[in-house]
Amino acid sequence: KCGYDRAQEWRNYLEKNPCRYFDRDLIPHLIHSNRRMIDFVNATTTSHPEEEQQGVTLLQNSTTAFNAIIAGYVREYPNGKIISWDETYNNTKNMIHHHY
């Protein structure tokens, strides 16, 4: 219940003044969340972690993320191959076919 109550507080805060929320509050919170995620998954592996942080982002869902990965792979390796099995989700197969 604690998480639900906190989420409701944020919804109420946003609804009181949406412009304030989107103009002043949202971006700093997204940056904070992104940095926490980077630390959690130990994404900093070089001596310049601020440079790596520029290559990490939060996405809406796993489908968006996987589609971005496939699109990036196709751009980097235009003659590359992606292997999928019969058990692969249809949505994943559709993303692969869309890019190849």
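User: Why is I27 called partly exposed?

Analyst: In this predicted model, I27 has 48% relative accessibility. Buried means under 20%, exposed means over 50%, and partly exposed lies in between. I27 therefore counts as partly exposed.

User: Where is I27 found, and what makes the nonpolar surface patch with I27?

Analyst: I27 is found in helix α2, residues 18-40. The patch is made by I27, L30, I31 and L58. Its area is about 320 Å². A patch residue needs over 30% relative accessible area. I27 has 48%.

User: Why does M37 count as partly exposed?

Analyst: M37 also lies in helix α2. Its relative accessibility is 27%. The in-between class sits between under 20% for buried and over 50% for exposed, so M37 is partly exposed.

User: How do you know what M37 touches, not counting residues up to four places away in sequence?

Analyst: Contact means heavy atoms within 4.5 Å. With those sequence neighbours left out, M37 touches V56, T57 and L58. M37 and L58 are 21 residues apart in sequence. Their C-alpha atoms are 8.7 Å apart in space.

User: What makes E9 and R6 a salt bridge?

Analyst: Side chains of opposite charge can pair when their charged atoms come close. The cut-off is a side-chain nitrogen within 4 Å of a carboxyl oxygen. In E9 and R6, the closest N and O atoms are 2.8 Å apart. The pair therefore forms a salt bridge by that rule. The count by this rule comes to one salt bridge.

User: Why are E9 and R6 separated by about one helical turn?

Analyst: Both are in helix α1, residues 2-16. They are three residues apart there, which means about one helical turn between them.

User: How exposed are the two partners, E9 and R6?

Analyst: E9 has 44% relative accessibility, so E9 is partly exposed. R6 has 45%, so R6 is partly exposed too.

User: How do you know that the span of helix α4 agrees with what it should be?

Analyst: Helix α4 covers residues 62-76, which is 15 residues. At 1.5 Å a residue it should span 21 Å. The expected span uses one less than the number of residues. The end C-alpha atoms of α4 are 21 Å apart, so the values agree.

User: Which residues of α4 are buried, and why are they said to be on the same side?

Analyst: The buried residues of α4 are I70, A71 and V74. They cover an arc of only 100° around the axis, which puts them on the same side of α4. They pack against α5, residues 90-99. On the other side of α4, S62, I69, R75 and E76 are exposed.

User: Why is H99 partly exposed, and what does H99 touch?

Analyst: H99 has a relative accessible area of 23%. Buried needs under 20%, so H99 is partly exposed. H99 is in helix α5. Not counting residues up to four places away in sequence, H99 touches N67, I70, A71 and V74. The C-alpha atoms of H99 and G72 are separated by 9.9 Å. These two are 27 residues apart along the chain.

User: What pattern does the whole protein follow, and how much of it counts as buried?

Analyst: The pattern along the sequence is α-α-α-α-α. There are five helices and zero strands. Of the 100 residues, 12% count as buried. The protein exposes about 8600 Å², and carbon and sulfur atoms supply 54% of that.

How values were computed: Residues numbered from 1 in each chain as written. Predicted model: local features only at pLDDT ≥ 70, side-chain atom pairs only at ≥ 80, totals over all residues. Heavy atoms only, no water. Patch = residues over 30% accessible without salt bridge, like charges linked within 9 Å, V, L, I, M, F, W, Y side chains within 5 Å. Areas by Shrake-Rupley, 256 points an atom, 1.4 Å probe, with all protein chains shown as cover. Helix = DSSP H or I, 4+ residues; strand = E, 2+ residues; numbered from the N terminus. Buried < 20%, exposed > 50% of the residue type's maximum accessible area, 1.4 Å probe, protein only. Arc of directions from axis to C-beta.
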